[in-house]
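Me: I would like to go through a protein structure in short questions. Please show me the sequence and the model.

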Amino acid sequence: MLKNLLRNFAKVGSGFAFPSWKTVDLESFGASTGIGFRTYVAPANGYLVLWVNATANTSAEVFSGYACQQLSTNTKNEWARCFVPCRKGQECQYAVYGDGFIQGKAMFVYSEGSL
């Protein structure tokens, strides 16, 4: 019984441990990407991640509860990334602004403890 309690405690405590290789692709960004907010409900504990590459000044934001990260790209075609932790069932938002996206994507990454 104690062994099961300790195992369950460790599993709950590791909910935001390390990112896993299991992901869900939410959206790909390209030249026709529309600006504005998007909403996603996390299927498990994990991270909402944005990767963006653009030829003009663009910005993207990720929100989850009180956590927020913002990024902006420049004209040097550099990649920018931001992410926030999310809990299972939590409504998370991400937003993109600007034009000139070359490529990028929004994705949800499961945490190891939620698999």
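Me: The charged end of Arg81 sits over the ring of which residue?

Reply: This is a predicted model, in which local features need pLDDT of at least 70, side-chain atom pairs count only at pLDDT 80 or more, and totals for chains, interfaces and linings use all residues. Residues are numbered from 1 along each chain as its sequence is written, and side-chain values use heavy atoms, with hydrogens and water left out. A charge sits over a ring if NZ of Lys or CZ of Arg is within 6 Å of the ring centre and within 35 degrees of the ring normal. The charged end of Arg81 is 5.6 Å from the centre of such a ring, and the ring belongs to Trp51.

Me: What pattern does the protein follow along the sequence?

Reply: Helices (H or I, at least four residues) and strands (E, at least two) are DSSP runs, numbered from the N terminus. The protein has 1 helix and 8 strands. Read along the sequence, the pattern is α-β-β-β-β-β-β-β-β.

Me: What is the strand order of the open sheet of 4 strands?

Reply: Two strands pair if DSSP finds at least two bridges between them. In this sheet the pairing is antiparallel, and the order is 2-7-4-5.

Me: Which strands are the edge strands?

Reply: An edge strand here pairs on one side only. That applies to strand 2 (36–41) and strand 5 (67–72).

Me: How many bridges join strand 2 to strand 7?

Reply: The two strands run antiparallel. Gly36 stands opposite Val96 in strand 7. The number of bridges joining strand 2 to strand 7 is 6.

Me: Which residues have the most contacts inside the largest nonpolar core?

Reply: A nonpolar core is a set of buried Ala, Val, Leu, Ile, Met, Phe, Trp, Tyr and Cys residues joined through side-chain atoms within 4.5 Å. Buried means under 20% relative accessible area, exposed over 50%, partly exposed in between (1.4 Å probe, protein chains only). The largest core has 22 residues, and those with the most contacts inside it are Phe29, Leu48, Leu50 and Cys86.

Me: Which elements give two or more residues to this core?

Reply: In soluble globular proteins, nonpolar side chains tend to be buried together. The elements that give two or more residues to this core are strand 3 (46–54), strand 4 (59–64), strand 6 (79–86), strand 7 (91–97) and strand 8 (101–111).

Me: Why is the pair of Tyr40 and Phe108 tilted?

Reply: Rings of Phe, Tyr and Trp (its six-membered ring) pair if their centres lie within 6.5 Å; planes under 30 degrees apart count as stacked, over 60 as edge-to-face and the rest as tilted. The centres of these two rings are 5.9 Å apart, and the pair is tilted because the planes are at 45°.

Me: How many residues apart in sequence are the parts that this pair of Tyr40 and Phe108 ties together?

Reply: Both Tyr40 and Phe108 are buried. Tyr40 lies in strand 2 and Phe108 in strand 8, so the separation in sequence of the parts tied together is 68 residues.

Me: What kind of aromatic pair do Phe108 and Tyr110 form?

Reply: Ring pairs link Tyr40, Phe108 and Tyr110 into a cluster. For Phe108 and Tyr110 the distance is 5.2 Å centre to centre, with 85° between the planes, and the pair is edge-to-face.

Me: Is Ser111 buried or exposed?

Reply: Ser111 is found in strand 8. Its relative accessible area is 0%, so Ser111 is buried.
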